[in-house]
Amino acid sequence: MGGFSNYRQSSILFEALSAQDAAVLRAMGRQVHYHVQALICEEGSDDQSMLLIETGRVEISLTSAQGRRSILAQLGPGDVVGEMAALDGKPRSADATAAGDVTGILLSRAQVQSFLRDHPKAALLVIQTLCERLRKTNTRLATQVLKDGPTRLAGLLQELFFDWGRQDSTGQVHLTEGFSQSDLGDMTGLTRETVNRHIRAWEGKGILRRDNGALVLLKPEKLAEAAGH
């Protein structure tokens, strides 16, 4: 699973930008704060702004006509929200909701386009970021179709521990964000009860444990096996 950081990795966009270019981009926008469960972007809306996340976690999701919610992505510090609408000017393709308190820099479409015109290298990085997001979405959709429930859930937990995990001195990895069993179900197409049953089974095998409701990974290699890796 590789190394674990104290938080998730930065996006390609800000990881590759020079410090000077990143500062220019941030200075163009305005500071914003969203409280937990605040709707940052709404599917179908004409809002064309782009949010640069500084702190907190943002869930990207779709809701079917039957009311079934599917979480497509979990974004954190260094990631961008709403870049598609900021680039093409079309309605939002999904909802973005603050999973906790979120702070960031909000930029208008005009500001984003002005920056990219003046910084062509950054424009290429935006394309890379969009391609990375599309690849992750395609992989998750393929996983939903081709793999069974336990395998999907194990693969998702691997991803969450890597992106949001903090490794302690004993080698155990603690999730730094609170993902409910309903959240895990919305990300894997499983019911809350099914998620709970699989987690209990992995607890019984010593792969995971719960610490005040938060998941802790004890045996990464066994979780990888459950994910089919």
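Which residues of α7 are buried? I began my reading of this predicted model with that question. I found the buried residues of α7 to be Gln181, Asp183, Leu184, Gly185, Asp186, Met187 and Thr188. That is 7 of the 8 residues of the helix, which spans residues 181–188, so I recorded α7 as largely enclosed by the rest of the structure. Just after α7, I noted that glycine 189 has a positive phi of about 75°.

**Entry on leucine 153**

I next located leucine 153, which belongs to helix α6 (residues 149–164). I looked up its relative accessibility and read 0%; because buried means under 20%, leucine 153 counts as buried. Setting aside residues up to four places away in sequence, I listed its contacts as Leu184, Thr188, Leu190, Val195, His198, Ile199 and Trp202. I also checked the separation of leucine 153 from threonine 194: the two are 41 residues apart in sequence, and their C-alpha atoms are 9.9 Å apart in space.

**Entry on the nonpolar cores**

I then examined the largest nonpolar core, which has 23 residues. Leu153, Leu157, Leu160, Phe161, Leu184 and Leu208 touch the most other members. I saw that α6, β10 (173–175), α7, α8 (192–204) and β12 (214–217) each supply at least two residues of this core. The greatest share comes from α6, with 7 residues. For leucine 208, I noted contacts with Leu157, Phe161, Ile199, Trp202, Glu203, Val216, Leu217 and Leu218, leaving aside neighbours within four places in sequence. A second, separate core holds 16 residues, among them Ile40, Cys41, Leu51 and Ala96.

**Entry on the cysteines**

How many disulfides does the structure hold? I counted 0. I recorded cysteine 41 as buried, at 8% relative accessibility, and cysteine 131 as partly exposed, at 41%.

**Entry on the sheet**

I traced an open sheet of 4 strands in the order β9-β10-β12-β11, with antiparallel pairing. The edges are formed by β9 (165–167) and β11 (208–211); each has a single partner strand, so one side of each lacks a neighbour in the sheet. On average, neighbouring strands of this sheet are turned by 30° against each other, direction ignored. Between the antiparallel strands β10 and β12 I found 2 bridges, and I noted histidine 174 opposite valine 216 in β12.

Finally, I looked up the helices against this sheet. I found α6 lying across β9, β10, β11 and β12, at about 65° to β9. I also found α8 packed on the sheet, where α8 touches β11 and β12 and its direction makes about 105° with that of β11.

Notes:
Residues numbered from 1 in each chain as written. Predicted model: local features only at pLDDT ≥ 70, side-chain atom pairs only at ≥ 80, totals over all residues. Heavy atoms only, no water. Buried < 20%, exposed > 50% of the residue type's maximum accessible area, 1.4 Å probe, protein only. Contact = heavy atoms within 4.5 Å. Core = buried A, V, L, I, M, F, W, Y, C linked by side-chain atoms within 4.5 Å. Disulfide = S-S within 2.5 Å. Pairing = 2+ DSSP bridges. Axes fitted to C-alpha atoms, helices over the stretch in contact; angles between N-to-C directions.
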